[in-house]
Amino acid sequence: MSVTSTTSQNSLFDVIVIGSGIGGLVTATQLAAKGAKVLVLESYIIPGGSAGYFERQGYRFDVGASMIFGLGNRGTTNLLTRALQAVNTSVEAIADPVQIHYHLPNNLNLKVDRVYDNFLQNLAAHFPHEKEGIRRFYDECWQVFKCLNRMELLSLEEPRYLLRSFLQHPLACLGLLKYLPQNVGDIARRYIRDPELLKFIDIECYCWSVVPAAMTPMINAGMVFSDRHYGGVNYPKGGVGQIAQKLAEGLEKVGGQIRYQAKVAKIITEKYCAVGVQLTNGEIYRGKRIVSNATRWDTFEKLLPVDKIPSNEKKWQQNYKKSPSFLSLHMGVKESVLPQGTECHHIILEDWQNMTQPEGTLFVSIPTLLDPKLAPEGYHIIHAFTPHWMNDWQGLSVSDYEAKKEETAWRIIDRLEKIFPGLDTGLDYLEVGTPRTHRRFLGREDGTYGPIPRRKLRGLLSMPFNRTAIKGLYCVGDSTFPGQGLNAVAFSGFACAHRIAVDLGL
Ligand SMILES: Cc1cc2nc3c(=O)[nH]c(=O)nc-3n(C[C@H](O)[C@H](O)[C@H](O)COP(=O)(O)OP(=O)(O)OC[C@H]3O[C@@H](n4cnc5c(N)ncnc54)[C@H](O)[C@@H]3O)c2cc1C
């Protein structure tokens, strides 16, 4: 494909964002609200990426995320609320009283209550001999959160902001510096001895970081383990897709542009500086700054020549690898399937040995318990998903692929029957997504959930910020600091927009 194939739509943009995941949209809205001329190019038909949705037979399914942090109304860490506000919009947030109902080995059946003391009490009831250690561990997580929640969260690549933050909040900054290179496992082991309780801390981390506590950065854990009791877990009325929809609408209202079915085939560079993008249909758009919301693997191995991967990206790949993708079951079920008092989010694991194995940990979300309008009356949505590798789904004939989907789905439904008896007979709709589905619809290499450390690293120290080795090219989203999750990629978006605004003198 030649760079000269089709002329660009008349003018030069200040910023071109490749992809409308939450990371890309937050970057775009922040910059457009500051007056930048912004264009977002999205390969799919709607915005949101892993925070998107699809509709079938009266059901509105979340593609992925449904346990949403960052929609609170106080502090500085409610980044989704803030991002929406920046473009004069909001979503109605429905408070979830329980973050997760864990169904773990040895009858460790526990609900993580929104009220911190209730959670501690419930956990201590299972481990009375560790009551003090439990409190001290989770209290230390609060220290991290309190540091973060005191300051405006912007680009750590902007020296004047760093200085200003330090002068305004010296103790909070020093606190964060202390925790930046630390992992949860080391801190948990200072307070807790019981091996089963340490396994519980492992799954508390694994369920969002997809690695055990020893490899999970303390900064991220401080956010998750505390914010669930502060801003809380909230579900956006109308489905998770509302967040991206509202951001996209807000973007256009403040003068930004978004184009769908606009797949970027390559980032155009001149003298090792990113100057534009070319779509798969040949169209070219030029921008002063280019932001990639695609994963680092997609950005540096597909959108740029693979033989020219910058050395710091090679180094990053030595530290981080792709996490597995997911196998998702999107189900519509009769309401009779759900026992009285069922919570929205569940984690099911029968054997600790299997926690990190494919199909080991089973995640379940039932968003219709919070917003019944997402399903026809008398029905609910159950989204069950579990880690799976792309390799296990490749090289299959069409019939083998379908048969494997069917077989895997029923294996998972059998497991779910233990907490939702009668699921099989109450099933009204079933659609199975594999790693191939995630790759195809989310544009993510191997359908990966995101980067995970190859070995124990020093907390978040090796996670890159937004600038890249290629001048004018920035990355945003879950393969930049601070990692996966909607609120985390919103953080990355705020930081990216801040750095670009300074670079452009906005
Ligand atoms: C099954 C599942 C469950 C999850 N559950 C939760 C949860 O409960 N809570 C939570 O906080 N997080 C959850 N997550 C994680 C969260 O959804 C992601 O970390 C986050 O949405 C990633 O956002 P992003 O901005 O990095 O990019 P993405 O969501 O990956 O978006 C990137 C966008 O870029 C587009 N794109 C890519 N390449 C191109 C190209 N070449 N041209 C044009 N467009 C392109 C894609 O189409 C996509 O729209 C879950 C993820 C999954 C998969």
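Here are some notes on a few helices and strands in this predicted model.

1. Let's start with strand S1, residues 12-18. Five of its seven residues are buried, so the strand is largely enclosed by the rest of the structure.

2. S1 has parallel partners. Six bridges tie S1 to strand S12 (residues 284-292), with the two running parallel; in that pairing, Leu12 sits opposite Arg286 of S12. Four bridges connect S1 to strand S2 (residues 38-41), again in parallel. If you want a residue pair to look at there, Val17 has Val40 of S2 as its bridge partner.

3. Next, an open sheet. Seven strands make it up, in the order S7-S6-S15-S16-S17-S14-S18, and the pairing is mixed. At the edges are strand S7 (108-113) and strand S18 (427-433), each of which pairs on one side only. Ignoring direction, neighbouring strands of this sheet are turned by 15° against each other on average.

4. At the S7 end, strand S6 (residues 98-104) and S7 are antiparallel and share five bridges. Tyr102 has Leu110 in S7 as its bridge partner. Helix H8 (residues 195-209) packs on the sheet, where it touches S6, S7, strand S15 (345-348) and strand S16 (362-365). The direction of H8 makes about 125° with that of S6.

5. Helix H13 (residues 398-416) is worth a look from the end. Which of its residues are buried? They are Lys405, Thr408, Ile412, Arg415 and Leu416. Viewed down the axis of H13, these buried residues fall within an arc of 100°, so they line one face of the helix. Strands that cover them include strand S14 (325-334), S15, S16, strand S17 (379-388) and S18. The other side of H13 has exposed residues, among them Ser399, Asp400, Glu402 and Arg411.

6. The length of H13 checks out too: its 19 residues should span 27 Å at 1.5 Å a residue, and the end C-alpha atoms are 27 Å apart, which agrees.

7. Last, helix H4 (residues 131-148). From first C-alpha to last, its 18 residues reach 27 Å, close to the expected 26 Å. Buried residues in H4 include Ile134, Phe137, Tyr138 and Cys141, and towards the end of the list come Val144, Phe145, Cys147 and Leu148. What do the buried residues of H4 pack against? Their partners are helix H3 (116-126), helix H6 (170-179), helix H7 (184-191) and helix H9 (218-232).

Conventions. Residues are numbered from 1 along each chain as its sequence is written. This is a predicted model: local features need pLDDT of at least 70, side-chain atom pairs count only at pLDDT 80 or more; totals for chains, interfaces and linings use all residues. The expected span of a helix is 1.5 Å times one less than its number of residues. A residue is buried if 20 or more other C-beta atoms lie within 10 Å of its own, exposed if 12 or fewer, and partly exposed in between; C-beta atoms are placed from the backbone. Two residues are in contact if their C-beta atoms, placed from the backbone, lie within 7 Å. Two strands pair if DSSP finds at least two bridges between them. Axes are lines fitted to C-alpha atoms, for helices over the stretch in contact, and angles run from 0 to 180 degrees between N-to-C directions. The arc is that of the directions from the helix axis to the C-beta atoms.
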